[in-house]
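Hello,

Here is the structure I promised to pass on. Please have it open while you read my notes below.

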Amino acid sequence: MPNSPDLLIASAPCHPPRESFAGRLQWRPSRLLSLALVLMGLLAGLSVIASEMPLAWSIPLALLAAGDGVRQARRELARPVRWLVAGTTDTLSGPTLDGQPISELTVQWRGSLAFMRFRDTDRRWQRLAWWPDTLDSRGRRELRLAIPVQATAHRATSMAP
């Protein structure tokens, strides 16, 4: 029977509304990015050796390129863990990063990569990137709920009359 009272039971919503979500997300350095930096340094060194540069110059330059890849990877891994608190229920306080207020917060998504851009208390632009090894699917969902989507509107091209 289509109008049976048993079939008209209302269900509770599956997710909280955006206004009541208070997300606390951890940002940490990516091991995947560090591995990519080391590999790029090694490949840069190999490409210098494979070029027609004299060996007396290419070997030191290749070692320098590989060493710089390792240096950049170690520098990335040494970055401190940061905590983002966004989407709080209190309308007076905005998003914070490590307890410091931030402004002009935007998040751009490229597949499973999330790129966050914001201004710190000194009004300088800062950036953080979440890689797949640092943000699981639950964390990606929390970040999508905490930060509202800012649609980029493209202007229509004007046509000549």
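Which side chain meets that of arginine 82 in a salt bridge? It is aspartate 98, at 3.0 Å from N to O. Arginine 82 sits in strand 2 (residues 82–86). Aspartate 98 is in the loop between strand 3 (96–97) and strand 4 (100–101). The two are 16 residues apart in sequence, so the pair ties together separate parts of the chain. Arginine 82 is partly exposed, with a relative accessible area of 22%. Aspartate 98 is partly exposed too, at 37%.

Keep in mind that this is a predicted model. A search of the whole structure finds eight salt bridges. Two others are worth a look.

One is between arginine 119 and glutamate 104. Their closest N and O atoms are 3.2 Å apart. Arginine 119 belongs to strand 6 (residues 113–119), and glutamate 104 to strand 5 (residues 103–110). Here the linked parts are 15 residues apart in sequence. Arginine 119 is buried, with a relative accessible area of 17%, whereas glutamate 104 is partly exposed at 40%. There is a further link: salt bridges with shared partners join Glu104, Arg119 and Arg123 into one network.

The other is between arginine 79 and glutamate 76. Their side chains meet at 3.4 Å, N to O. Arginine 79 is partly exposed, at 33% relative accessible area. Glutamate 76 is buried: its value is 12%, which is under the 20% cut-off.

As background, side chains of opposite charge can pair when their charged atoms come close.

Best wishes

Technical notes:
Residues are numbered from 1 along each chain as its sequence is written. This is a predicted model: local features need pLDDT of at least 70, side-chain atom pairs count only at pLDDT 80 or more; totals for chains, interfaces and linings use all residues. Side-chain values use heavy atoms; hydrogens and water are left out. A salt bridge is a side-chain nitrogen of Lys or Arg within 4 Å of a carboxyl oxygen of Asp or Glu. Buried means under 20% relative accessible area, exposed over 50%, partly exposed in between (1.4 Å probe, protein chains only). Helices (H or I, at least four residues) and strands (E, at least two) are DSSP runs, numbered from the N terminus.
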